[in-house]
There are 2 protein chains.
Amino acid sequence: MAATRFHQINRPQRLSDAVGLALEKRIRSGALTPGERLPTEAQLGAQFAVSRAVVREAVARLKAEGLVESRQGSGVFVATRPGAAAFRMNAGLPASAHDARDVFELRLIVEAAAAERAAVRHTPQSLTQIGEALAAMDAAMESVADSGDGAGADDAFHCAVAAASGNPLIHRFIEFVSQEFSGSRQPTWSRDGRDGGLAQASQNEHRALFEAIAAGDPAAARAAAERHIVSAAGRLGVMLSPRMSGPNNEEET
Amino acid sequence: MAATRFHQINRPQRLSDAVGLALEKRIRSGALTPGERLPTEAQLGAQFAVSRAVVREAVARLKAEGLVESRQGSGVFVATRPGAAAFRMNAGLPASAHDARDVFELRLIVEAAAAERAAVRHTPQSLTQIGEALAAMDAAMESVADSGDGAGADDAFHCAVAAASGNPLIHRFIEFVSQEFSGSRQPTWSRDGRDGGLAQASQNEHRALFEAIAAGDPAAARAAAERHIVSAAGRLGVMLSPRMSGPNNEEET
DNA sequence: ATTGGTCAGCTTGTCTGACAAGTTCGACGC
DNA sequence: GCGTCGAACTTGTCAGACAAGCTGACCAAT
């Protein structure tokens with residue numbers, strides 16, 4: 001909806017968020033090592049030029065993420081195994097030019113393997129789920145709305161393939177990655193994207209993947225999934241190689 | 001040290017922890033639904049009989065976990081996709097008989113792809129790192145200590161291979177998975193495991209992987225990594241197939 | 001009737017100061 | 001050398017004040 005689209009204004013970052021991220025960076029970079037004591041709250045307040053309350057809220061964040069532990073009267077210490085409990089796509093590191101490519105490469109690896117397994121392990125029910133998402137994208141292609149439901153159905157298609165892999169961990173991981181980059185499919189399914197043939201190209205790739213899975217051909221499913229991810233990346237301007245086929249292949253970039 | 005042993009006294013739970021956990025319980029149980037607005041800070045303070053600072057720190061915890069979002073002047077809301085910002089191996093689901101197999105399968109997919117990329121993208125420095133971890137395992141093989149440092153060096157070896165993949169995201173993910181299952185390598189490197197030849201078998205596989213990477217041969221590196229993961233799983237009693245090579249291959253299990 | 005502007009009331013964000021609870025370490029006595 | 005005590009330090013909690021931002025009611029203009 002148009003109203004939703006204008007809702008995403010750029011809010012200034014909260015001080016407690018900024019301090020928390022800065023400290024997290026120090027921990028993840030190794031500048032602060034496991035077991036090491038952080039500066040006192042008063043010192044951090046002086047260093048960051050913020051109040052003690054802001055520091056405490058930043059530390060509360062870090063505690064929730066398992067990065068630090070506090071002991072009253074003693075201090076705040078880097079946890080022995082900082083942050084091991086959770087994996088995040090953006091671990092507080094600054095964005096770099098390679099981010100999108102790193103993400104697409106990880107998706108290529110995991111989604112191609114999931115497609116391969118879906119070809120072998122799918123059930124009538126899981127195949128129906130994939131087919132329904134495919135049909136929903138066909139319908140979105142004809143939609144007169146500005147953005148329609150194509151991106152949502154695109155998400156659902158990928159997650160249905162992941163679910164058909166028969167490995168719930170892989171399914172959850174692909175869902176996680178998909179949600180973190182839910183905005184990346186929007187350009188393909190926008191009015192402009194559909195008029196420009198992006199959605200049609202994407203849908204052709206989806207159909208080839210569906211057919212390979214339905215045919216129970218894992219090699220064809222893997223190849224179809226790889227083609228699709230590489231093309232999807234290309235549509236966003238990201239160059240990706242589908243296979244490590246030679247020592248010089250990657251170094252051309 | 002004996003002094004350390006008596007250090008683990010039962011500390012009363014912090015108020016901010018208790019409030020944070022109580023709110024998290026309401027969210028995860030569905031009593032508070034995605035998009036729903038939480039009571040105001042003042043109301044929560046009255047309900048829990050704590051100061052506003054305690055409430056704010058509890059909310060800071062929930063924000064770090066992706067469970068809520070706050071909007072200044074408006075309120076604190078349950079996130080649209082609560083907890084989606086982090087991926088956890090155990091997502092609060094009960095353990096099932098397929099867990100270990102699911103994990104090894106995910107490792108197989110990601111680590112084999114990392115090895116492939118390491119063969120192409122390694123640098124002299126990253127290759128040295130891998131070699132040092134290999135040497136540390138050789139040394140641990142001869143160690144007279146009961147458990148030695150073999151498991152730690154085994155972890156380090158896998159993480160060095162992941163680092164050599166040239167994709168920091170893959171590196172972080174493999175590190176995350178490795179840390180979550182850091183105990184799984186202990187039996188191989190224990191006294192019994194070394195005497196029984198488990199460590200030697202594992203080390204032979206590590207060496208083959210190292211050599212394939214050093215030779216810059218991605219296909220050999222992938223195959224070596226797959227062999228190793230499949231064998232490692234087998235040493236723990238988990239049956240794993242390295243490839244989806246036919247429609248009936250998996251259904252034998 | 002609809003649209004746009006204003007403002008009071010409300011809510012989160014930040015700062016400040018005070019005191020409670022707990023830890024650490026040095027001084028002192030035995 | 002060992003045990004006790006207390007000062008100094010650090011985190012945990014409370015309270016109050018003000019800043020920044022949001023929401024909805026109300027009124028004027030078209």
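This is a predicted model: local features need pLDDT of at least 70, side-chain atom pairs count only at pLDDT 80 or more; totals for chains, interfaces and linings use all residues.
Local features are given only at pLDDT of at least 70 and side-chain atom pairs only at pLDDT 80 or more, while totals for chains, interfaces and linings use all residues. Residues are numbered from 1 along each chain as its sequence is written, and chains are lettered from A and ligands numbered from 1 in the order in which they are written.

User: Which element gives the most to the surface near DNA strand C?

Analyst: A residue is near a strand if its C-beta atom, placed from the backbone, lies within 6 Å of it. Of the 21 residues around DNA strand C, those that come nearest are A:L15, A:S51, A:G73, B:T40 and B:S70. At least two residues each are supplied by α2 (15-28) and α4 (52-64) of chain A and by β2 (75-78) of chain B; helices (H or I, at least four residues) and strands (E, at least two) are DSSP runs, numbered from the N terminus. The most, 3 residues, comes from α4(A).

User: How many charged residues does the surface near DNA strand D have?

Analyst: DNA strand D is surrounded by 20 residues, with A:T40, B:L15, B:S51, B:G73 and B:S74 the closest. Ala, Val, Leu, Ile, Met, Phe, Trp, Tyr, Cys and Pro count as nonpolar, Asp, Glu, Lys and Arg as charged, and the others, Gly among them, as polar. By these classes the surface near DNA strand D has 6 nonpolar and 10 polar residues, and the charged ones number 4.

User: Are α3(A) and α4(A) roughly parallel or roughly perpendicular?

Analyst: The axes, lines fitted to C-alpha atoms over the stretch in contact, have angles from 0 to 180 degrees between N-to-C directions. For helix α3 (residues 41-48) of chain A and α4(A), the axes come within 9 Å and cross at roughly 105°. Angles of 65 to 115 degrees count as roughly perpendicular. Therefore α3(A) and α4(A) are roughly perpendicular.

Notes: Angles under 35 degrees count as roughly parallel, over 145 as roughly antiparallel, 65 to 115 as roughly perpendicular and the rest as oblique.
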